[in-house]
Amino acid sequence: MRDLVCVKDFEEFAYKVLPRNTLDYYRSGAGRQETLDNNRRAFSKYKIRPRCLRDVSTRSVSTTALGAKLLMPVGISPSAMQRMAHPEGECANARAAESMGTIFILSTIATSSIEEVAQAAPKCIKWFQLYIYNDREVTINLVKRAEKAGFKALVLTVDTPMFGLRTADLRNKFKLPPHLKLANFEGENSAAVSLRGRKTGSALNNLGELFDASLQWKDIEWLKTITHLPIVLKGILTSEDAVLAADHGVAGVLVSNHGARQVDGWPASIEALPEIAKAVGHRLEVYMDGGISDGTDVFKALALGARMVFIGRPALWGLACGGEEGTRKILNILKTEFEYALAISGCASLEDVRQCMVVHESYYAKL
């Protein structure tokens, strides 16, 4: 990995080493993948307005999220089935996050269980990504296990009444490799549901049939009655929904289009971020994922209203290239790039990053 010096290098190397079935599952988006392409491309439409002659001799990139102190404003988003990329999967990525002093979000659809991840990275700040199932006992079981294992927040995905259609998975007839399992649905601690005998099917749509597609805002109130953990809603893309989230007393929103894997034609996360931050940034914490591949992306997201950002695919590329060490290097690269962008743009800390320092490219066309 010595020759891999940026996220793009890791991505290109991962493309060479991952099996096609796994690679296509990780990299693909919904439909024609226009939103997937735009998740990255949209960042280039925002320009940094640097400030000069400011004292940046002493710098810090630390921040907080839900009261926890972090050493950097980049965490790891929930991504499914990480043992397809490396035998240690989610456990390795949690350890990488632990070593970098940041947050790891565990997917419900993981190949390492809640308990395995808790044991592998006991000091890591861990959040648990959750779906609400038709059988509410399944949800309750998962929540209680996450609480018992020391997870600090629930990240409820709200953009998935069902899984989106991903052409590559349909083509490949994607299935979880037979030596792996959906670990949170196996063993003595598992919820009272069995996936055995079900076809995982292309895009895991049969698993998606377990999700409660009738979910409404009132169900957020139900979730709050069964847990003491703060709740973050993942998948918010409009100011209207962000306001409803705040009205229902959640602790934060994660601006996300699910890695562009649900419906093609949704906005890039960075495009949706400003209106959401403006609407509710004073009422709850706002985070963002989708398209982050460079430290300048982190700077832009923070200026446009995110408290911190999360990465999904880059952590998978790191995992595929070198397990825990690979993901740690990815996080280190983004941290270093962000530190450079921060200082050279005239900021000594995150508190110095102002909204006026990042503008849409149309700003300059009007001058």
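1. Basis. In this predicted model, local features need pLDDT of at least 70 and side-chain atom pairs count only at pLDDT 80 or more, while totals for chains, interfaces and linings use all residues. Residues are numbered from 1 along each chain as its sequence is written, and side-chain values use heavy atoms, with hydrogens and water left out.

2. Aromatic pairs. Rings of Phe, Tyr and Trp (its six-membered ring) are paired if their centres lie within 6.5 Å, with planes under 30 degrees apart counted as stacked, over 60 as edge-to-face and the rest as tilted; by this rule there are 13 aromatic pairs. One of them joins phenylalanine 128 and phenylalanine 151, edge-to-face at 6.1 Å centre to centre with 85° between the planes. Because phenylalanine 128 lies in strand β6 (residues 125-130) and phenylalanine 151 in the loop between α6 (136-148) and β7 (153-157), this pair ties together parts that are 23 residues apart in sequence; helices (H or I, at least four residues) and strands (E, at least two) are DSSP runs numbered from the N terminus.

3. A second pair and a cluster. The ring centres of tyrosine 287 and phenylalanine 310 are 6.0 Å apart and their planes stand at 90°, so this pair is edge-to-face. Tyrosine 287 and phenylalanine 310 are both buried. Elsewhere, Tyr131, Tyr133, Phe163, Phe185 and Phe211 are linked by ring pairs into a cluster.

4. Charges over rings. With the criterion that NZ of Lys or CZ of Arg is within 6 Å of the ring centre and within 35 degrees of the ring normal, the charged end of lysine 126 sits over the ring of phenylalanine 151, 5.9 Å from its centre. Arginine 27 lies over the face of tyrosine 15, at 5.0 Å from the ring centre.

5. Helix α2. The buried residues of α2 are Thr22, Leu23, Asp24, Tyr25 and Tyr26, and these pack against α1, α7 and α13, where contact means heavy atoms within 4.5 Å.

6. Largest pocket. A pocket is here an open set of points on a 1 Å grid over the protein atoms alone, where a 1.4 Å probe fits, with protein on both sides within 12 Å along at least five of seven lines, and lining residues have an atom within 4 Å of a point. The largest pocket has a volume of about 910 Å³, the volume being the space filled by probe spheres set on the points, which are joined across faces, edges and corners. Of its 48 lining residues, Tyr26, Ser28, Gly259, Arg261 and Arg313 are the closest to the centre, and α2 gives the most to the lining, with five residues.

Methods:
Buried means under 20% relative accessible area, exposed over 50%, partly exposed in between (1.4 Å probe, protein chains only).
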